[in-house]
Amino acid sequence: TDPVRLKDYRPTPYAIRTIDLDVRLDPENTTVTARSRIEPREGTAPGTPLVLDGDELILTSVAIDGRALGTADYEATDKRLEIFAPPAGAFTLEVGTRIAPAKNTKLMGLYRTASNYCTQCEAEGFRRITYFYDRPDVLAVYTTRIEARKAEAPYLLSNGNLIERGDIAGTDRHFAVWHDPFPKPAYLFALVGGDFARISDTFRTMSGRDVTLEIYVEHGREDRGAYAMDSLKRSMKWDEEAFGREYDLDIFMIVAVSDFNMGAMENKGLNVFNDKYVLAKPDTATDQDYANIEGVIAHEYFHNWTGNRITCRDWFQLCLKEGLTVFRDQEFSSDQRSRPVKRISDVRLLKSHQFPEDAGPLAHPVRPETYHEINNFYTATVYEKGSEVVRMLKTLLGAETFRAGMDLYFARHDGDAATIEDFVACFAEASGRDLSQFMLWYKQSGTPELRVAQGYDASAKRYTLTIEQSCPPTPGQPTKLPMTIPVRFGLVGPNGADLAFEAVSGAEVAGDVIVVTEPKHEVVFEGVSAPPVPSLLRGFSAPVRLALELSAEASLFLLASDNDPFNRWQAAQTLATTALIEATRAVRAGAVPSIDPKLVDAFARVAVDDKVDPAFRALTLALPAEADIAREIGSDVDPDAIFAGRDALKKAIATGGRTAFRHLYESLASAEAYSPDAASAGRRALRNSALDYLAHAGETDSVMERYRTADNMTDRLAALGLVVGLGLPEAEAALIDFYSRFDGDGLVIDKWFTVQATAPLAATLDRVRALTEHPAFSLTNPNRFRSLVTAFATGNQTQFNRPDGAGYAFVADHVLTLDEINPQVAARLLSAFRSWRALEPRRRAYAEAELKRVLDKPGLSRDVADIANRSLG
Ligand code: HT7
Ligand code: ZN
């Protein structure tokens, strides 16, 4: 089929101003009546057909202005409804459809979860409820009447404010009517019906309005909603303070459901959440779960302005709301927690998810120009790189001008369906800067590389940085134009303090930012009193690869002295990466890796440096992941050699630093009750890192002891992961114990599945295969499926990439099975193959054969076919 193309964008010939929905809920036979007020847009010729989207719909009636249409007046398929010759002026269209939520396993449109009803309409789910212009540039005012059996669905919720509710006399049914005064696209529509426990609170906005806050959770989970509510209130306050954004309805609702394709959904006034991003208590949720909840609650709430009040003109503009909203939630979490620690975590995520995407066959620009299936573009590139692009704007313009640009964007585009050009124009205007070259960040895919060389002339006290930029070819983009790259930097002097300098020529240097714009710059600094060690890309000021030859001594110096915490962490990563690549090479050559004792010593010193935040120390001690090493190696990758090399380095650090780790483990023991705050979480992270190293030094007794005595999920899961991952003799007993403690608690059983799926052991594939038969496993629940099968494919480098190809075959089988149930989740799973071309020849051949086998299956969904095609392309 032909792709959808950005350049083909045209507005619809008709506008839909209002829609009144009447939905009568039933598992097998839900009826939907949609009455829309429609008018031709300016320039639409009279008699232009009205063509609405549909998907798997059964049409029961069509009428215009109260008159039923005859079959000669329209054509309906399950995919579209065409009215051949609508009236010349404004008219009312009434469409009746029938759907079966209980049969909806795709979890798009109206579906069942537990015994409740809920909807997911982004990106194209509304067309599975009624025929409509299901595209983001058609904004209508929604009034929604929901009717259901009272016993089945005591709560009936939709967007906006509740305007009426009541019983239907003489029946066991009731109804509710909701009105959302803010015009919105169909993808922001939501409806929920069901039986829940409700948690309530209020928030007073900056202008003194009281907003009702409600979180709906499964009965019996009421004790797990407090952190989400607290996060919501902090988010509302922060958006007022940081961006001047106030909430606009009388009520804000969150519903937690257990069957959900993604993380959460920002429907106007009625967010629907995957329950893993709502529910938490200390004995079932880890510190990471708490941090994720805070971040996702904030993200969806912030969409109220960046996404809902200002939405996207078309799906090519997805990063307009997603990149910007990720940027906003990252800033929020930085302000709530530690900024450097948050930045390091975010960059780790960017490098582990977005960089490989950008380096493989699925690479696409932050704003793509074509797509076959939009669901496949909710990617790390659109979200995380999209956020980096916004952050670069802030770096280039400075905080104040950036805020002025945001203010202008909100003022000018409130109520619009906008484009990236609209957004960037606000910053160009606020700053007076020409941002046309900056726009390339939205258009060019691939990770740019900066090659940097340095020179120092002692007699002239002159220091020179030669910076060259390039960007590798990516699908559809063989050559690239030079981009605007802000490089935040410092010149670190012998005593560890930044040296003064005067930038005299070669590039714009604004404060501590070099603005790279040309293929090559020779940036000259004068008045540099001593030979510096350059600290480049501080705070990771641009999403690029940096190639700078620094000696091990210089990196060790930066690790100890750089006043930019991000680059201290980066220095440790650089040192470790170099050592890991060498160790991998040694393993492949059949040699024993030799590890530099200076590196071991540096890690041990970081571990016990009490002047440094424990969370930061824990991040510094975490070695680059196997996939990160594979990415750095780039081609002819052998995952077993990487694992062995990494294991050797880990054991060397563990053995060399054993005393330090023992001290750390003991000194960080806490008698205090669990609290999820960032400081406590940081201490736990550091202590668990020490435990991990101790276990790798052979001190495994502490691990089982930790498992048994843990009073919270963070510590218990860390210990379980070690027992199982190292294949210790107690692993089976620990797994049985864990399961029996949490039997019936799906979100915790997910952790149990993941620990087993990610163990780097030869027996893992057989175990995972057996677990797909476990009664707690489910093909229809995305969390369960992902926790086992997707976790195996994406979180277990050695076993997914088994040299016999059996890991690929297993995953491909599951892609094909799941495709018939939930194509979106199946397509995500298939993207685990995205780096297949970088593998050594034997694995590469197995992976390619499995991709081809998937693609050859008749009747494949568009979602899976698109990923298979592009992966092979
Ligand atoms: N805007 C939301 C995207 C989303 C989604 C997309 C496709 C299919 C299902 C989905 N569920 C949620 C999530 C967000 O970025 O906030
Ligand atoms: Zn979002």
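Modeller: Start with an open sheet of five strands, in the order E17-E18-E19-E21-E20, with mixed pairing. The model is predicted: local features need pLDDT of at least 70, side-chain atom pairs count only at pLDDT 80 or more, and totals for chains, interfaces and linings use all residues. Residues are numbered from 1 along each chain as its sequence is written, while chains are lettered from A and ligands numbered from 1 in the order in which they are written. The elements are DSSP runs, numbered from the N terminus: strands (E) have at least two residues, and helices (H or I) at least four. Two strands pair if DSSP finds at least two bridges between them.

Strand E17 (197-204) and E20 are the edges of the sheet, and each pairs on one side only. Strands pair through backbone hydrogen bonds, parallel or antiparallel. Strand E18 (210-217) and strand E19 (251-257) run parallel and are joined by five bridges. Thr212 stands opposite Ile251 in E19.

Strand E20 (264-265) and helix H2 (287-302) are the elements that give two or more residues to the shell around ligand 1. That shell holds 15 residues, and the closest are Glu122, Asn261, Met262, Met265 and Tyr378. (A residue is near a molecule if its C-beta atom, placed from the backbone, lies within 6 Å of it.) By class, the shell has five nonpolar, six polar and four charged residues. Nonpolar means Ala, Val, Leu, Ile, Met, Phe, Trp, Tyr, Cys and Pro; charged means Asp, Glu, Lys and Arg; the others, Gly among them, are polar. Domain 1 (14-195) and domain 2 (311-443) both give residues to the shell, so ligand 1 lies between them. Those bounds come from an automatic or database domain assignment.

A cis peptide bond, with omega about 0°, joins Glu122 to Ala123. Most peptide bonds are trans. Ala123 sits in the loop between strand E11 (116-120) and strand E12 (140-149). An unreviewed UniProt entry places the "domain: Aminopeptidase N-like N-terminal" at residues 20-188. Its positions use the numbering here, feature names are shortened, and annotations may be inferred rather than shown by experiment. Over residues 20-188 the chain is 52% strand and 0% helix, with its end C-alpha atoms 15 Å apart.

Most residues other than glycine have a negative phi. Glu56 has a positive phi, near 55°. Glu56 lies in the loop between strand E4 (50-53) and strand E5 (58-64). Glu56 has 16 other C-beta atoms within 10 Å, so it is partly exposed. (Buried means 20 or more such neighbours, exposed 12 or fewer, partly exposed in between; C-beta atoms are placed from the backbone.)

Lys461 also has a positive phi, about 50°. Lys461 is in the loop between strand E25 (449-457) and strand E26 (462-470). Lys461 has 17 C-beta neighbours inside 10 Å, so it counts as partly exposed. E25 and E26 pair antiparallel over nine bridges. The bridge partner of Ala453 in E26 is Thr466.

These two strands belong to an open, mixed sheet of five, in the order E28-E31-E26-E25-E33. Its edges are strand E28 (502-505) and strand E33 (545-548), each pairing on one side only.
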